Amino acid sequence: VYAGILIGGKSNRFGQPKHLIDDSGKTWLERTVEKVSPHVDEIAILGAGGVPDSLASVPVLCDTQDAQGPLAGMLAAKRWKPLTSWLFLPCDLPFLAGESVRWLLDHREPGVWAVLPRLPEAPGFEPLLAYYDFRAGSLLERVHRPAELATENHVVTPVVPEHLQVSWKNVNTPEDLAPVCRVGTTANSLTAERRNKP
C-alpha cells in the first residue's frame, strides 16, 4: 500500500498553501507524512507546490490533465503504479491519527476494491482518507468524482467510530482553525484517556 498525499488545491479560501502551514516547527505535510508512514510501504506527494527540504526524497507527481480536483492527483498515482493499492488523503487534516489510518486499512479483505468511510452526520461519503485497491483503478477512470465509487460493487462504506471522526476534519479557511483545534484537542484527549484505562 502506498499513501498519496494531495497538495494540488489552490487554497483560495485559506489564502496560502495549506500543506506548508507551520505546526510547531513542522509543516502540515511533514506531520501527515509522519502519521501515515508507519502504516504504508511508500508515500507520494500528488500535485504542484513547494515541498519542504526534509521531504526532497519523496516522489512528487503532477496532476493529470484529463481530470479535475482530487481525481487528477489520484489518477496520476494510479497510472504511475497501476498494480499498487493506495491510501489517498488530503494535506489539510491537522488532527489525523495513526489509529484512524489503521482502522481504515483493517477493512481490506478479498473482494473489497475500495473503502470509502462515512461520518454519521455527513450527507455523503469520504473519498479522501480512503483506501483504493489496485483493482479500483478501472473504476476511477470512468467517474467524474471519486465519491461516485460508493455505489459500485466491491466498495464498502463503514461508519467511522466516534473517537476517530476528527481525523476526517479538514480546514478550508483561517476561521476554521479555532473550532477545529477545540474539537481535535477534545477528541485526542478522549483517545488518550481510553488507551490509558486498565
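Is Phe 88 buried or exposed? With a relative accessibility of 0%, Phe 88 counts as buried (buried is under 20% relative accessible area, exposed over 50%, partly exposed in between, using a 1.4 Å probe and protein chains only). A word on ground rules: this is a predicted model, where local features need pLDDT of at least 70 and side-chain atom pairs count only at pLDDT 80 or more, while totals for chains, interfaces and linings use all residues. Numbering starts from 1 along each chain as its sequence is written, and side-chain values use heavy atoms, with hydrogens and water left out.

On to the rings. Phe, Tyr and Trp rings (the six-membered one for Trp) pair if their centres lie within 6.5 Å, and planes under 30 degrees apart count as stacked, over 60 as edge-to-face and the rest as tilted. That rule gives six aromatic pairs. One of them joins Tyr 2 and Trp 80: the centres are 6.3 Å apart and the planes sit at 65°, so this pair is edge-to-face. Because Tyr 2 belongs to strand β1 and Trp 80 to helix α2, the pair ties together parts 78 residues apart in sequence (helices, H or I with at least four residues, and strands, E with at least two, are DSSP runs numbered from the N terminus). Tyr 2 is buried at 17% relative accessible area, whereas Trp 80, at 36%, is partly exposed. Trp 86 and Phe 88 make a stacked pair, 5.5 Å centre to centre with 5° between the planes; Trp 86, too, is buried, at 0%. Tyr 2, Trp 80, Trp 86, Phe 88 and Tyr 132 form one aromatic cluster.

Next, the sheet. Seven strands line up as β5-β4-β1-β6-β8-β7-β9 in an open sheet with mixed pairing (two strands pair if DSSP finds at least two bridges between them). At the edges, β5 and β9 (155–156) each have a single partner strand, so one side of each has no neighbour in the sheet. Strands β7 (residues 114–115) and β8 pair antiparallel over two bridges, and the bridge partner of Ala 114 in β8 is Tyr 132.

Helix α2 packs on this sheet, touching β1, β4, β5, β6 and β8 (contact means heavy atoms within 4.5 Å). Its direction makes about 155° with that of β6, where axes are lines fitted to C-alpha atoms, for helices over the stretch in contact, and angles run from 0 to 180 degrees between N-to-C directions. Eight of the eleven residues of α2 (residues 70–80) are buried, so the helix is largely enclosed by the rest of the structure. The cover over those buried residues includes α4 (137–140).
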